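Please look over the sequence and the model before reading on. The paragraphs below then lead through the structure, step by step.

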Amino acid sequence: MSFSKIANATGASVTLKLNAEAARMRAAGDPVIHLGGGEPKSLAPAAAIAAGIAMLETGEIRYTPAAGTPAMRDAIIAYTEQFYGRKVERTNVMASAGAKQAIMVGLIALVDPGDEVVFPVPYWVSYPDMTRLTGGVPVPVRAADGSFQPTLDEMTAAITPRTRVVLLNSPSNPSGKVFDGDWLRGLIRYCEERDIFVMMDDIYHRLVFDGRPVVHCYECTDRSVDDAKLIVLNGVSKQYAMTGFRIGWAVGPADLIKVMANIQSHQSGGPCSLSQRAAVAAIEGAQGSVADLCGTLEHNRDELMTLLADIPGLKADVPEGTFYCFADFRDFDSDSTRLAARLLDKIQVVTVPGVEFGMEGFLRLSYCGPVEDVREGARRIKWLLDENDTPELRAGEKVFTR
Ligand SMILES: Cc1ncc(COP(=O)(O)O)c(C=O)c1O
């Protein structure tokens with residue numbers, strides 16, 4: 001069968017593939033430890049569930065405007081005022097089926113075939129494929145010093161007359177790095193002068209540890225939301241543990257949001273009305289669950305970092321936010337796909353190969369699951385990597401051998 005060039009250039013999402021494999025092994029009774037996941041295990045806020053149930057009971061589950069219901073857009077407006085200090089209008093906001101779709105529609109609105117989309121390495125796995133889906137060219141920018149944040153000079157050196165978008169995610173999946181405020185200010189100014197859009201993927205912006213302040217993009221410009229070359233992407237998936245509801249949003253200049261809503265109207269229509277209602281309730285309701293989640297993740301991070309520090313040869317920066325640690329395993333294997341496969345095969349621990357994020361020799365370890373899983377995963381990894389350790393490792397009924 002023959003497919004389009006775009007279809008042939010698009011791979012399956014590696015993380016989704018790993019989730020499927022872990023589920024298959026668990027169903028077969030294997031004691032799999034999943035350090036590859038991308039979703040908090042806490043429940044959606046009670047207010048969101050109650051609002052969803054109440055709406056479902058009416059039986060009136062209908063189409064909504066392509067950009068989202070008025071209530072959804074008002075909730076995004078309130079959110080933007082609270083967290084970004086900017087008063088925006090309904091014309092500045094659009095709800096989507098997850099931040100993923102908001103990013104995709106934003107890219108379709110801005111990128112022509114051959115245009116370039118610049119992002120730092122390590123990057124979220126979907127950015128290169130999303131760029132290619134528009135016919136654009138992904139331009140990953142690598143820090144010469146091997147760190148998780150290229151310098152401002154390295155970023156600007158990658159910008160050419162074909163650059164249409166700079167795509168940033170802070171705190172970052174996979175590194176957990178919060179980008180430095182002066183760096184962000186410099187980059188946004190540089191892009192403003194050249195009419196290049198900066199897309200800020202802020203999906204983890206409330207999952208930040210140690211009380212660390214996060215400089216947001218509107219602090220980096222004097223322009224109004226309509227004049228700034230900024231799009232903010234966000235959603236309920238991570239902060240409210242509502243991944244399956246599929247609600248995200250974009251905030252940006254009214255002209256651009258209008259075009260994005262037009263595209264979305266043909267592509268998928270407005271996001272699920274039931275999910276919008278639940279998302280509004282989550283945004284407008286008590287926010288205790290976000291603080292609780294953040295506290296749990298910070299505790300899990302601390303546990304993981306302590307255990308990883310006990311593995312000689314393994315290097316890991318302390319993540320400043322998200323629920324991922326991007327650890328350097330090059331002393332053990334320079335091929336992250338091979339190493340991840342070995343961890344799955346030998347000790348049934350799921351990780352994500354760093355090469356998928358543009359950095360070979362690293363593995364992404366998620367700590368969004370139960371802390372017992374984080375501990376057990378680290379225990380198994382330490383055992384496997386230390387060849388002088390015992391020939392066998394027991395995990396409940398299961399005995400792993402080298
Ligand atoms: C960096 C980043 N952006 C966007 C998304 C997508 O979020 P959503 O579930 O809202 O589509 C994810 C999900 O893993 C992510 O890690």
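The structure is a predicted model. Its chain is divided into domain 1, made of residues 5-43 and 288-401, and domain 2, made of residues 46-284. Taken over C-alpha atoms, the centres of the two domains are separated by 27 Å. Where they touch, domain 1 contributes 33 residues and domain 2 contributes 29 residues. On the side of domain 1 that touches domain 2, the elements giving two or more residues are helix H1 (5-9), helix H2 (14-27), H11 and strand S10 (324-328). The largest share of that side, 7 residues, is provided by H11. By class, the side of domain 1 that touches domain 2 comprises 16 nonpolar, 10 polar and 7 charged residues.

Helix H13 covers residues 371-385. Asp373, Val374, Glu376, Gly377, Ala378, Arg380, Ile381, Leu384 and Leu385 are the buried residues of H13. Their cover includes strand S1 (33-34), helix H11 (288-308), helix H12 (336-347), strand S11 (349-350) and strand S14 (392-395).

How do H12 and H13 cross? Their axes come within 11 Å and cross at roughly 105°. The two helices are therefore roughly perpendicular to each other. Leu343, Lys346 and Ile347 of H12 and Arg380, Ile381 and Leu384 of H13 make the contact. In terms of class, this contact of H12 with H13 holds 4 nonpolar, no polar and 2 charged residues.

Another pair of helices can be described in the same terms. Helix H5 (residues 98-110) packs with helix H9 (residues 254-267) at an angle of about 110°, the axes being 9 Å apart. This angle makes H5 roughly perpendicular to H9. From H5, the contact involves Val105, Gly106, Ile108 and Ala109, and from H9 it involves Leu256, Val259, Met260, Ile263 and Gln264. The residues of this contact of H5 with H9 divide into 7 nonpolar, 2 polar and no charged.

Leucine 365 is found in strand S13, residues 362-366. Is leucine 365 buried or exposed? Leucine 365 counts as buried because 26 other C-beta atoms lie within 10 Å, where 20 or more are required. Leaving aside residues up to four places away in sequence, leucine 365 touches Leu35, Leu304, Tyr324, Cys325, Ala327 and Thr351. Leucine 35 is 330 residues away from leucine 365 along the chain, yet their C-alpha atoms are separated by 5.1 Å.

The backbone details come last. Most residues other than glycine have a negative phi, and most peptide bonds are trans. A cis peptide bond joins valine 121 and proline 122, with omega about 0°. Proline 122 is in the loop between strand S3 (116-120) and helix H6 (126-133). Serine 170 and proline 171 are also joined by a cis peptide bond, with omega about -5°. The loop between strand S5 (163-169) and helix H8 (181-193) holds proline 171.

Alanine 241, although not a glycine, has a positive phi of about 55°. Alanine 241 lies in the loop between strand S7 (230-235) and strand S8 (248-251), and is buried, with 23 other C-beta atoms within 10 Å. Glutamine 348, not a glycine either, has a positive phi of about 55°. Glutamine 348 is placed in the loop between H12 and S11 and is buried, with 20 other C-beta atoms within 10 Å.

Definitions and conventions
Residues numbered from 1 in each chain as written. Predicted model: local features only at pLDDT ≥ 70, side-chain atom pairs only at ≥ 80, totals over all residues. Helix = DSSP H or I, 4+ residues; strand = E, 2+ residues; numbered from the N terminus. Expected span 1.5 Å × (residues − 1). Buried ≥ 20, exposed ≤ 12 C-beta atoms within 10 Å, placed from the backbone. Contact = placed C-beta atoms within 7 Å. Axes fitted to C-alpha atoms, helices over the stretch in contact; angles between N-to-C directions. Parallel < 35°, antiparallel > 145°, perpendicular 65-115°, else oblique. Nonpolar A, V, L, I, M, F, W, Y, C, P; charged D, E, K, R; others polar. Domains from an automatic or database assignment.
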